[in-house]
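This briefing covers a predicted model.

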Amino acid sequence: MKKYNVTGMSCAACSTRVEKAVSALRGVDSCSVNLLTGSMTVEGSVSSEEVISAVVGAGYGAEEAGAAGKVSANRASGGEQAEKMLITRLVSSVILLLGLMYVSMGHVMWHWPLPEVLRHNPMTIGLIQLMLTLAVMVINQKFFINGFKGLLRRSPNMDTLVALGSFSAFGYSLWELFAMGEALYGGDIEGARHGLHGLYFESAAMILALITVGKMLEARAKGKTTDALESLMNLSPKTATVLRNGEEVVIPAEQVRRGDVFLLRPGQAVPVDGTVLEGHSAINESALTGESLPVEKETGSMVYSGTVNQSGVLRCEALQVGEDTTLSKIIKMVGDAASSKAPIAKVADKVSGIFVPVILILAAVTATVWLLLGESVGFSLARDISVLVISCPCALGLATPVAIMVGTGKGAKKGILFKTAAALEGAGHVNIVALDKTGTVTSGHPTVTDLIPAEGFSEWELLSLAASLEQNSEHPLAEAVRRLGEERGVSLSPVTDFEILPGNGLVARMGNDLLFGGNLAFVTQKITVSAEARQRAQVLSEEGKTPLFFGRNQELLGVVAVADTVKDDSAAAIARMKEMGLRVVMLTGDNQRTAAAIGARVGVDEVYAQVLPDGKEQIIRQLQQKGKVAMVGDGINDAPALTRADVGIAVGAGTDIAMDSADVVLMKSDLSSVASAILLGRKTLRNIHQNLFWAFFYNALCIPLAAGVFVPLGITLNPMIGAAAMSLSSVFVVGNALRLNRVKLSSPKEDSTEIKPEKEIELMKTILTVPDMMCAHCEKAIRTALSKVEGVTEIDVDLKAKTVAVSHTDAVTAQQLLDTVAAEDFHPTL
């Protein structure tokens with residue numbers, strides 16, 4: 001896929017035309033043009049030269065885009081320059097327009113004073129209006145150049161409508177001016193003076209000025225839609241302190257190479273992704289994950305570009321640099337999502353493709369009909385101009401991309417990354433959520449809870465043989481068995497002919513002995529399991545534990561029970577999903593009893609147990625017959641199901657394969673982000689529907705009004721009012737999309753409207769002094785402890801002042817706060 005920057009587009013008709021021109025090239029598989037970002041993505045075997053040539057042939061400019069960061073920076077810079085030019089044009093136009101309005105309306109209609117030398121000759125007044133209007137038209141010549149160029153290429157756009165509307169008013173006024181001159185030449189001074197009332201010079205200039213006002217407001221609002229992307233860009237540190245030949249050297253961050261050793265001091269931003277070689281600190285990763293609490297780092301921990309070191313000094317090795325850093329990938333992902341096109345935009349694209357030609361025909365028909373009905377040329381022309389300038393293809397073109405841009409930016413700030421606009425739209429349609437258990441509902445780090453050796457064997461023998469068998473397995477359950485073996489110091493014996501049977505168990509040889517282990521169904525194929533062992537396993541399963549059976553040759557060695565702890569937020573997150581009307585199911589390879597126990601604990605609607613890795617994709621197919629499905633997973637074996645689902649969601653601690661297969665990536669590993677992603681999808685989809693409704697409703701109402709359909713009711717539309725309405729329609733769409741920034745993703749309710757309590761709760765504030773609070777670790781311990789006190793609403797820690805300000809209800813006492821902090825081995829005072 002290649003990305004291009006496209007210049008010269010002014011409305012949805014332009015983007016549709018560029019898309020058609022490029023799509024017609026041989027070798028193009030797909031083409032998507034985004035009016036908001038001025039970007040285009042092309043997939044296929046076509047060369048860049050052919051694509052650029054097709055865009056230029058359609059009347060626009062194009063260049064191949066560079067790196068994500070560079071493109072965004074250039075876009076921001078170009079946007080600022082364009083806005084400055086618009087302001088200059090607007091100020092100049094308004095100054096001239098004030099003079100024009102004074103003469104054309106102030107003097108002619110309301111007899112405001114003019115110098116004696118001017119007011120006696122109506123032709124002089126007309127010529128002044130002509131010159132002032134020409135000046136405004138020259139200042140805003142871009143409308144005429146782009147508009148008539150598009151008309152000559154048979155690709156009219158919004159500028160064409162504006163140019164024709166303004167030029168029609170100017171042309172008619174010029175003709176009236178010649179008629180005034182003829183009357184004056186014939187000695188009819190009063191006729192010439194009356195002709196001043198038939199001039200539309202002020203309309204021609206006012207249309208251009210009002211459209212420029214709208215363009216400026218639209219440009220400013222558009223700039224706000226890209227704030228999230230620009231804030232991510234600003235996270236990239238400019239310099240890095242690296243060790244070269246034993247000395248510290250400050251170099252530009254882009255010059256850091258893989259394998260370089262760099263230093264991080266308190267307050268410094270991490271320049272690239274790396275691993276800690278030495279030191280201990282806490283790093284603020286909120287910019288990437290949305291998590292406010294700092295994350296502790298020690299030897300072996302990963303650090304990520306754009307995060308900020310808060311306390312200790314770290315020595316790190318660079319692993320991912322340049323465009324391979326996590327931050328660069330996030331910037332690219334957000335940029336690609338904003339540049340992509342949502343399926344819902346197809347309707348607007350189809351309408352935009354024929355919108356301008358249809359409006360040109362309607363305008364011509366309107367003028368003709370009024371002339372045939374006996375109305376004057378001036379009246380008919382006013383209706384014609386009104387139709388031209390009030391029609392707004394921009395609102396149609398911006399309805400979807402502005403909402404997508406704001407939605408993806410909002411998600412990025414919360415650690416929710418949508419890869420495409422279709423993923424964001426798809427999240428809004430989801431009504432079934434399928435959760436993989438291990439690593440998603442549970443922590444993914446199981447531990448051994450019970451060792452039950454068979455008769456004639458000891459715990460030591462059972463653990464030693466089980467750990468030896470599991471030593472080559474990467475399964476989380478195998479890791480739990482090995483970890484307990486290491487903790488107890490058992491020695492591992494070498495095994496041969498090791499084989500994993502996915503979803504069942506594993507076998508290997510230790511000398512002449514055959515070792516095997518796995519679930520009950522698998523082991524009973526090898527040996528006979530006693531009723532007592534089965535009963536013990538059933539009890540363990542009902543407790544939410546996974547019983548693993550181990551055997552050697554023809555005898556049972558015993559049972560090892562392993563439990564994967566449920567994440568703290570899983571039950572609350574699932575309850576929130578159900579409040580949103582979602583049906584939540586859980587997929588797991590555990591036996592039915594273990595799965596049912598965990599499912600009941602977290603509150604899912606349905607549990608699918610004993611699911612083999614290749615069976616998850618089949619279950620997703622079945623669920624899709626009942627609705628739109630989101631699959632949430634983190635492992636390699638989740639990849640097929642993530643791909644099959646309508647929306648695949650990969651959690652933050654997942655594998656690269658899961659991340660690549662997913663449509664949405666959560667930077668945090670908690671389930672609450674899943675509900676937030678779906679809520680954001682719903683809000684964005686509703687916002688798009690509102691924008692599209694406004695765009696269609698506006699045009700459906702205003703075009704008949706401008707054409708004079710309501711004239712029998714005494715309602716007419718001045719062309720200047722039409723131009724103002726056209727300008728504000730696009731601003732309304734962008735402004736509505738910006739409301740997404742105020743959506744509270746943490747709210748469990750589907751509607752973002754906050755419900756105020758009947759009685760406002762009065763909060764108290766207690767300030768504790770903690771002299772032995774020394775670092776970010778101390779801060780985290782105190783925050784965690786106080787946050788568990790019921791009634792505490794806000795905790796504000798000042799490390800330098802060694803104070804903790806706690807906001808709480810009157811049910812919480814100061815002594816209770818002191819005791820809570822003291823329980824963490826601190827010595828707080830009031």
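Met40 has contacts well beyond its sequence neighbours: leaving aside those within four places, the residues in contact with Met40 include Lys2, Lys3, Tyr4 and Val6. Val18, Val22, Cys31, Ser32, Val33, Val51 and Val55 are also among them.

**Nonpolar cores**

- The largest nonpolar core holds 134 residues, and Val22 and Met40 touch the most other members of it.
- Helix α27, residues 672–707, gives the most to this core, with 16 residues.
- A second core of 39 residues is separate and includes Val490, Val529, Leu540 and Leu556.
- In soluble globular proteins, nonpolar side chains tend to be buried together.

**The four-stranded sheet**

- Four strands form an open sheet in the order β2-β3-β1-β4, and their pairing is antiparallel.
- The edges are taken by β2 (28–34) and β4 (61–64); each has a single partner strand, so one side of each lacks a neighbour in the sheet.
- From one strand to the next, the twist averages 25 degrees.
- Strands of a sheet pair through backbone hydrogen bonds, either parallel or antiparallel.

**Strand β1 and its partner β4**

- Strand β1 covers residues 2–7 and is joined to β4 by four bridges, the two running antiparallel.
- Tyr4 stands opposite Glu64, which belongs to β4.
- Tyr4 is also one of the residues in contact with Met40.

**The helix across the sheet**

- Helix α2, residues 48–57, lies across β1, β3 (39–44) and β4.
- The direction of helix α2 is at about 160 degrees to β4.

Note on methods. Residues numbered from 1 in each chain as written. Predicted model: local features only at pLDDT ≥ 70, side-chain atom pairs only at ≥ 80, totals over all residues. Heavy atoms only, no water. Pairing = 2+ DSSP bridges. Axes fitted to C-alpha atoms, helices over the stretch in contact; angles between N-to-C directions. Contact = heavy atoms within 4.5 Å. Core = buried A, V, L, I, M, F, W, Y, C linked by side-chain atoms within 4.5 Å. Buried < 20%, exposed > 50% of the residue type's maximum accessible area, 1.4 Å probe, protein only.
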